[in-house]
Amino acid sequence: MMKQLSLLLLSVAIANAEIRVMTNFEGGNAEVVSLDQAAGRLRIMPALHEGRGWPCWWSLRLEGVSTGQEITLEVQAQVKPFRPNTVLNASWCQPDFASVSHDGKTWRHTAQAERTAEKIAVYKIQAEGTSLWLAWGPPLVPADAEKLLAEVQAQLGDEAERFELAKTRDGRPVNGIRIGKADEPRQVWVNARQHAWEAGGAWVGRGLLEWLASDEAKALRAHCCIHFIPIMDVDNVALGAGGKEALPQDHNRDWSAAPHYPEVAAAQKRLVQIQQQHGLDVFMDLHNPGAGDRVPFFFGPFGFERMTGLQRTNYQRWIELAAAHLTGPLKVDPKYRFANYVKTDEERGRMSSGWARANGGKGTISVTLETAWNTPHSTVEGYLTVGAQLGRTLAEYLTD
């Protein structure tokens, strides 16, 4: 009788439990549109941070769910304009597969979203405990980046050196790590997350860094120095804002003679020093593309077909090696694409890749890797694999 009473009381407690939507953590972002407690149905849209770019990223934690409970998450586009008269298209905030975690650490895909005529993406998830984490993609926030840098530093010892690139406008540190001795003859710069919402780029960067710290990369570390920044737009990543088209411009349009962001100015200064003292071999920027791009690809240099000599040889060799190594499950496009949506030379010059080409040497290559995020393989494991494959591409490219 007592056992039956206990079960009855537990059932009543579960029935009366109230689901709570939490976003008060690093990278958290969601605006609740509606919540049906009885049905376990929640509708959200990405919260708009004025002046902070696209409202596309969302990340939240549910408290008060019960083991085995089915949760229905509905995601719609933010209805407010992020700039005058412009509302962001829903495709940017509605991945085919969202990310779910039952412990806040291990992330996997949800089942594929259902889509309604009202342009709502619907994800169904079964809870495994009293908390449930849901996000646009697997989050990688500044605290995760700091932990990664510390682990690699501890693993490599004297072969690595952490550094603070700059303090952001909001006072947060933008940190990086140098792998290999600073005066090595081959020099590489890699940065990720210039657009805060593009979390997949940071995971690719993590895969690259972990490969660089592995025994497989020992020969590369012996003759090459790699400078790596896991998150450039730390402020917006921490806030859960999109960053793309932030005001007065986003990070990847700020590479001018007078940057708005201290971290961009600091990166420019270090890159100029690297070029002057050693010569810059490779500049690489890690991004995610649009929802319709289903394979990774590299943005190459404008005028590639007209290039001659060493510059043409190096760019051609890079894309051939990348195609040989980035073979899946996220297989790279074997040909360069070009950012033809950027219409003026002035704006092209303010993009990091354009600035690096203009300020590098004749042998420098500057490329942008856009890793597809809207595929079944765009998972933590998929991104880490791309990063390791990128490392092998780099190692062969820098082998004379």
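Predicted model: local features only at pLDDT ≥ 70, side-chain atom pairs only at ≥ 80, totals over all residues.
## The five-stranded sheet

Five strands form an open sheet. Their order is β2-β3-β5-β9-β8, and the pairing is mixed. Strands β2 (31–36) and β8 (114–115) stand at the edges. Each has a single partner strand, so one side of each is left without a neighbour in the sheet.

Strand β8 pairs with β9 (residues 121–126) in the antiparallel sense. Two bridges link β8 and β9. Here E114 stands opposite V122 in β9.

Is strand β4 (residues 59–63) largely enclosed or left open? Five of its five residues are buried, so β4 is largely enclosed by the rest of the structure.

Strand β4 pairs with β1 (residues 20–22) in the antiparallel sense, over three bridges. In this pair, M22 stands opposite R61 of β4. Strand β4 also pairs with β10 (residues 131–135), again in the antiparallel sense, and five bridges join them. There, L60 stands opposite L134 in β10.

Strands β11 (residues 160–167) and β12 (residues 173–179) run antiparallel. Seven bridges join them.

## Two helices side by side

Helix α2 (residues 142–156) and helix α3 (residues 199–212) have axes that come within 10 Å. The axes cross at roughly 10°. Angles under 35 degrees count as roughly parallel. Helices α2 and α3 are therefore roughly parallel to each other.

Which residues of α2 and α3 make the contact? From α2 come L148, L149 and V152. From α3 come R206, L209 and E210. By class, the contact of α2 with α3 has four nonpolar residues, two charged residues and no polar ones.

## Cysteines without bonds

How many disulfides does a search of the whole structure find? It finds zero. The cut-off is a pair of cysteine sulfur atoms within 2.5 Å.

Take C93. The closest cysteine sulfur to its own is in C56, 7.7 Å away, which is too far for a bond. C93 is buried, with a relative accessible area of 2%. Now take C225. Its sulfur is 6.9 Å from the closest cysteine sulfur, in C224, and that is also too far for a bond. C225 is buried, with a relative accessible area of 0%.

Two cis peptide bonds come next. One runs from L247 to P248, with omega near 5°. P248 lies in the loop between α5 (234–239) and α6 (262–277). Another runs from G328 to P329, with omega near 10°. P329 lies in the loop between α7 (309–325) and α8 (345–349).

R193 is a residue other than glycine with a positive phi, near 65°. R193 lies in the loop between β13 (186–192) and α3. At 3% relative accessibility, R193 counts as buried. E245 is not glycine either, and its phi is positive, near 60°. E245 lies in the loop between α5 and α6. E245 is partly exposed, with a relative accessible area of 28%.

Technical notes:
Residues numbered from 1 in each chain as written. Heavy atoms only, no water. Axes fitted to C-alpha atoms, helices over the stretch in contact; angles between N-to-C directions. Helix = DSSP H or I, 4+ residues; strand = E, 2+ residues; numbered from the N terminus. Parallel < 35°, antiparallel > 145°, perpendicular 65-115°, else oblique. Contact = heavy atoms within 4.5 Å. Nonpolar A, V, L, I, M, F, W, Y, C, P; charged D, E, K, R; others polar. Pairing = 2+ DSSP bridges. Buried < 20%, exposed > 50% of the residue type's maximum accessible area, 1.4 Å probe, protein only.
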